[in-house]
Amino acid sequence: MKIKNLPLDQNINGWAALRGDKPRHPALHGKIVADWLVIGAGFAGLAFARRIAELRPQEHVVVLEALDVADNASARNSGFVIDLPHTVGSTSAELEHANTYRRLLQYGLHHLKDTVDRYGIECDWLNSGKYHCAVSEQFDGEIAHYQKELTTLGESFEYLENADLKLRLGTGFYRSAVYTPNCILVNPAALISGLVATLPENVTVYANSPALQIDTQGTIRAETPHGEVRARKLMLAINGAARGLPLFKGNVFAMSTFATLTEPLTPEQRRLIGDISPWGSTPVNALAGATLRYTADHRFLIREHVNFAPGLVTNAVETGRHARRHQQLFARIYPQLQDVNMAYTWSGLISITRNGAPVWGNLSENVYSSAGCNGSGSSKQSAFGRLLAEHALGEDNPLLADMESVGRANYLPPRPFLDVGVKSFMARERWRSRSEI
């Protein structure tokens, strides 16, 4: 398989920039042999590599990352480690599906926390919970429905309206929200870097080493710009870039997302929003609303808008347009903070499947995959990667039955029919939710 497209983002990941100069992992030079090859040092790939290494300490695992480990797609996300599905559903089948995902998300979160605690990974790990917010009365029904289904699941939550929200968030922009208390907020670049740094000794990570060609017939062989890896088995954890491989073309496509991080607020600016604690919020419609965070170092993160990205490329002009959108949106949400400067705007790729199910399991006898995060990958892909390792080694874990029950990504039409369908759906959702921004 020749790799036709690699992700290209002409921007600076703000989360990584906040960390300053850090030691970089070397690129691969020369030819090496391993037992396992993992392509992609995101949440799924690292969870898979860690678990293989734990269960088979005598075997060598090699991880290839196309970028610096603190600058890949996982390190560019908004830093939410969710414990609950964003939406639940109403039928008994949908509730059971939500229960399944809840178990998987909490499994992934648990193992991330265990690793962070055990090794003292400094990633601003904070149990701040999450506000699921609506701006207009148009979505009162969805907010009410979410409360009902959380009650059915036995989850604790708090319903808040405009005045109470303003005390928590420092803005009167939102009409209502459902607050759930156990979502974790992190600096994702620091978390990914910490996960890489604490891998077992039988794992070797090579950064800035994109796989340019992968052969899967017989012995696995992957070529990089300056090296080659041969291995018995392969795990593909490329997620947003998966569409670039023939194995994924029929069931996953890529979307680019955009985020902006402000400069830290001054004491005077902080006085204008009140004495608020760090928080994170998600919109009722992820395609059309805005995700926001207020960080422990008094910055705001704004993530808004997604673009169809069939070529896996987002250029600087496109990112610049979204930087201006974010600044205008921030001015509407916080009109009292007109003088807050935007520090960084960047993009990142996510993979989407038509039915929300993952591309997980065996792609062939010695090739495994976990892709299709659908925009909520930190805890989900951590669980999926760890469980995939146990599946590959024939280990027993009751959650493997849950992985089977979530199903598999279904068929996507070829381009240009895919383009028309995706763009039409996005346009419809943005129009439906235009009041949210």
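**Exercise 1.** Is Cys183 buried or exposed? Determine also whether the cysteines discussed here take part in disulfides.

*Solution.* The model is a predicted one.

Step 1. The relative accessible area of Cys183 is 0%. Buried means under 20%, so Cys183 is buried.

Step 2. The structure holds 0 disulfides. Cys123 is accordingly in no disulfide, and the nearest cysteine sulfur to its own, that of Cys183, is 13 Å away.

Step 3. For Cys183, the closest cysteine sulfur is in Cys133, at 12 Å. A disulfide requires sulfur atoms within 2.5 Å, so this distance is too far for a bond.

Step 4. Cys123 has a relative accessibility of 1% and therefore also counts as buried.

**Exercise 2.** Which residues of the largest nonpolar core touch the most other members? Describe the surroundings of one of them.

*Solution.* 

Step 1. The largest nonpolar core has 58 residues, and those touching the most other members are Trp36, Phe48, Cys123, Trp125, Val203, Met235 and Leu387. Helix α2 (residues 43–55) gives the largest share of this core, 7 residues.

Step 2. Take Met235 as the example. Leaving aside residues up to four places away in sequence, Met235 touches Leu37, Val38, Ile39, Ala44, Gly45, Phe48, Tyr368, Ser370 and Leu388.

Step 3. Another core, of 25 residues, lies apart from the largest one; its members include Leu169, Leu329, Phe330 and Val340.

Step 4. As general background, nonpolar side chains in soluble globular proteins tend to be buried together.

**Exercise 3.** How many cavities of 30 Å³ or more does a search of the whole structure find? Characterise the lining of each.

*Solution.* 

Step 1. The search finds 2 such cavities.

Step 2. The largest cavity holds about 60 Å³ of space. Its lining is formed by Cys133, Val135, Phe173, Tyr174, Pro283, Gly289, Ala290, Ile333 and Glu436.

Step 3. Strands β14 (253–262) and β19 (342–352) are the elements that give two or more residues to its lining.

Key: Residues numbered from 1 in each chain as written. Predicted model: local features only at pLDDT ≥ 70, side-chain atom pairs only at ≥ 80, totals over all residues. Heavy atoms only, no water. 1 Å grid on protein atoms, 1.4 Å probe; cavity = no way out; pocket = protein on both sides within 12 Å on 5 of 7 lines; lining within 4 Å. Points joined across faces, edges and corners; volume = space filled by probe spheres on them. Helix = DSSP H or I, 4+ residues; strand = E, 2+ residues; numbered from the N terminus. Core = buried A, V, L, I, M, F, W, Y, C linked by side-chain atoms within 4.5 Å. Buried < 20%, exposed > 50% of the residue type's maximum accessible area, 1.4 Å probe, protein only. Contact = heavy atoms within 4.5 Å.
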